[in-house]
Amino acid sequence: MLLTLVQITAAQGPAECERAVDMTLRAMLRDAPKHHVELQLVEENATACGYKSVLLQVRGEPASAWLAQWEGSVQCVFESPFRPGHRRKNWFVGVRRCEVPELDATLDERDLRFQACRASGKGGQHVNTTDSAVHATHLPSGIAVKVMTERSQHANKRLARALIAMKLQQMAEQSADAARHDRNQQHWSLERGNPVRVLR
């Protein structure tokens with residue numbers, strides 16, 4: 001079974017883009033219930049201006065069609081509250097869907113460490129008062145996640161595995177991109193002279 005996750009990111013954008021992530025998150029949270037879609041915040045990278053990125057779990061039969069209307073670049077239009085008089089008013093964030101298996105066969109259970117912990121948050125009914133939250137670490141990579149979305153520790157462990165699998169996939173993609181960049185750079189770094197071998 002696949003878990004559907006969606007990431008909203010400011011990428012390398014300035015503080016205004018972090019605010020735009022917050023705007024986009026709020027808009028998606030307002031819009032989802034109208035389409036019978038449930039969104040749950042799984043992970044957030046909060047800043048003083050908003051969020052560098054947020055990760056949401058998406059549930060509901062219409063989720064795929066609904067997400068298709070949000071995927072890609074989202075434009076937020078507002079005057080910068082951080083740089084008065086700044087002429088730019090258009091700020092962009094990226095919305096990306098990621099579907100990962102609940103139990104990823106490539107993950108070795110011996111590489112995972114789980115630790116139960118108490119959920120933290122703003123309080124109220126939606127924050128678990130028992131130690132159902134899970135802190136999971138992938139030992140070879142050092143990737144660590146904390147999950148408290150679900151009400152049971154077993155369900156949180158399942159989601160933690162999926163998040164680790166997603167982060168490992170992103171790391172592999174970044175490594176592949178870096179390797180491609182290095183190969184392209186070689187086209188511009190050819191040294192004319194001082195050869196290591198001469199062919200005649």
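The exercises below, each with a worked solution, concern a predicted model.

Residues are numbered from 1 along each chain as its sequence is written. Local features need pLDDT of at least 70 and side-chain atom pairs count only at pLDDT 80 or more, whereas totals for chains, interfaces and linings use all residues, and side-chain values use heavy atoms, with hydrogens and water left out.

**Exercise 1. Determine where confidence is lowest and where it is highest in the protein.**

Begin with the mean pLDDT (the predictor's confidence in each residue, from 0 to 100), which is 81 for the protein, with 78% of its residues reaching 70 or more. Then turn to the elements: helix H3 (residues 153-186) has the lowest confidence, at a mean of 75, and H1 the highest, at 96. Finally, consider residues 122-129, where the pLDDT is below 50 and where the model has ten contacts beyond near neighbours in sequence.

**Exercise 2. Describe helix H1 and the setting of Glu 16.**

Helices (H or I, at least four residues) and strands (E, at least two) are DSSP runs, numbered from the N terminus. H1 covers residues 15-31, and its 17 residues reach 25 Å from the first C-alpha to the last, close to the 24 Å expected at 1.5 Å a residue (the expected span being 1.5 Å times one less than the number of residues). Leaving aside neighbours within four places in sequence, Glu 16 is in contact (heavy atoms within 4.5 Å) with Phe 78, Ser 80, Phe 82, Arg 83 and Trp 91.

**Exercise 3. Identify the residues with the most contacts inside the largest nonpolar core, and follow Trp 66.**

A nonpolar core is a set of buried Ala, Val, Leu, Ile, Met, Phe, Trp, Tyr and Cys residues joined through side-chain atoms within 4.5 Å. The largest has 26 residues, and Ile 8, Met 28, Leu 39 and Trp 66 have the most contacts inside it; H1 gives the most to this core, with six residues. Apart from neighbours within four places in sequence, Trp 66 touches Met 28, Asp 31, Ala 32, His 35, Val 37 and Leu 39 by the contact criterion.

As a last step, examine the aromatic pairs (ring centres of Phe, Tyr and Trp, the last by its six-membered ring, within 6.5 Å; planes under 30 degrees apart stacked, over 60 edge-to-face, the rest tilted), of which the structure holds two. The rings of Trp 66 and Trp 70 form a tilted pair, because their centres are 6.2 Å apart and their planes stand at 50 degrees.

Conventions: Buried means under 20% relative accessible area, exposed over 50%, partly exposed in between (1.4 Å probe, protein chains only).
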